[in-house]
Amino acid sequence: MSVNLRGRHFLKEIDFTPVEWSYLIDLTAQLKVERKAGKFQQRLAGKNLALLFEKTSTRTRCAFEVAAYDEGAHVTTLDAGTSQMGHKESIADTVRVLSGMFDGIEYRGAAQGTVETMAKYSDVPVWNGLTDQWHPTQSLCDIFTMAEASKKALPEISYAYLGDSRFNMGCSLLIGGALAGADVRIISPTALQPGADVVTHANQIATQTGAKITITEDLDQVEGCDFIHTDIWVSMGEPEAVWAQRIELLRNYQVNAALLQRTGNPAVKFMHCLPSFHNRETQIGEKIFQLFGMGELEVTDEVFESANSIVFDQAENRMHSIKAVIVATLT
């Protein structure tokens, strides 16, 4: 089936069909092969991209910039201190200015409503680099990474996400896996599970793809998993006051050697979108240790640095999957 995503926004997974999602995964693989072979097609020569960062970024910013440069595009990067967006100028006004100058606009910030507003007023594709509700460039990367790291076809892969699944990573991995037809297990305390609307979307997609959806607080559901995912327990922008409660809720959901053993799969792989609090070698990590006595949070250093961990392959793949999104929507 022919797939044409030119001119489309990339805001959240539920905007795409399983066929379109599969196309983006396949395009990611193609573009990675090309880059490894040193073949750069320069499909975006003459294009100009605006990258807006209300939240700080390492992987998303670098991935968008390198992807653009590889394909011949130019980028202008703006952050909260170098633009008037939301300060002296509304979101709608800002995006109408930018869409008259640029061929595509990326946004990474706090609210999904902001990127949806941008898409409403933009004449060019808008790409979601991360919001509170969705992280579609990350889930596309993660689904591709699992396909790449496994000998199984995507519908045969089973994976679990452990932790607070109400927000971007839990929701995106749930829907992304449903689109891919995978066996998706969201394992969280009941209070931290995805909203009913997201679960409903996942189940509706599963009727088309054959995906298996499990939402549970039972850690025994990791049995048989090929991949274990997690994320930091407190998201950017949340107040420090939530740390004590969140740690109490999630303490038993830490990914450690014992948890990997519960899968019964010695080849199980560990994945994390990063950054990770797996040791005390950051300011926040040390502060958490001083306050709560935990030197490792969502994952232990033993697992993070183990042969089971593919987090840095995953991080590299952000660039390849983001390149696929840009190329698909601009060419």
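## Close-up views of a predicted model

**View 1. Glu34 sits in helix H1.** Helices here are DSSP runs of H or I with at least four residues, strands are E runs of at least two, and both are numbered from the N terminus. This is a predicted model, so local features need pLDDT of at least 70 and side-chain atom pairs count only at pLDDT 80 or more, while totals for chains, interfaces and linings use all residues. Residues are numbered from 1 along each chain as its sequence is written, and side-chain values use heavy atoms, with hydrogens and water left out. Glu34 is buried, at 13% relative accessible area (buried means under 20%, exposed over 50%, partly exposed in between, with a 1.4 Å probe and protein chains only). Setting aside residues up to four places away in sequence, Glu34 touches Lys39, Gln41 and Arg43 (contact means heavy atoms within 4.5 Å).

**View 2. Phe40 is in the loop between helix H1 (18-36) and strand S1 (48-53).** Phe40 is partly exposed, with a relative accessible area of 36%. Leaving out neighbours within four places in sequence, Phe40 has Arg35 and Asp70 in contact. From C-alpha to C-alpha, Phe40 and Arg6 are 20 Å apart in space, and 34 residues apart in sequence.

**View 3. Helix H2 (residues 59-70) packs on helix H12 (residues 311-330).** Two packed helices are described by the angle between their axes and the distance between the axes. For H2 and H12, that's an angle of about 55 degrees, with the axes 8 Å apart. This makes H2 oblique to H12 (angles under 35 degrees count as roughly parallel, over 145 as roughly antiparallel, 65 to 115 as roughly perpendicular and the rest as oblique). Axes are lines fitted to C-alpha atoms, for helices over the stretch in contact, and angles run from 0 to 180 degrees between N-to-C directions. By class, the contact of H2 with H12 holds eight nonpolar, one polar and four charged residues (Ala, Val, Leu, Ile, Met, Phe, Trp, Tyr, Cys and Pro count as nonpolar, Asp, Glu, Lys and Arg as charged, and the others, Gly among them, as polar).

**View 4. Helix H5 (residues 136-149) also crosses H12.** The axes of H5 and H12 come within 8 Å and cross at roughly 115 degrees, and the crossing is right-handed. On the H5 side, the contact includes Leu140, Cys141 and Phe144, and on the H12 side Arg318, Ile322 and Val325. The contact of H5 with H12 splits into five nonpolar, six polar and three charged residues.

**View 5. Tyr159 and Ile326 have the most contacts inside the largest nonpolar core.** That core has 59 residues (a nonpolar core is a set of buried Ala, Val, Leu, Ile, Met, Phe, Trp, Tyr and Cys residues joined through side-chain atoms within 4.5 Å). Neighbours within four places in sequence aside, Tyr159 contacts a group of residues including Ile143, Met146, Leu173, Val184 and Phe227.

Conventions: A crossing is left-handed if the near helix is turned anticlockwise from the far one by less than a right angle, and right-handed if clockwise.
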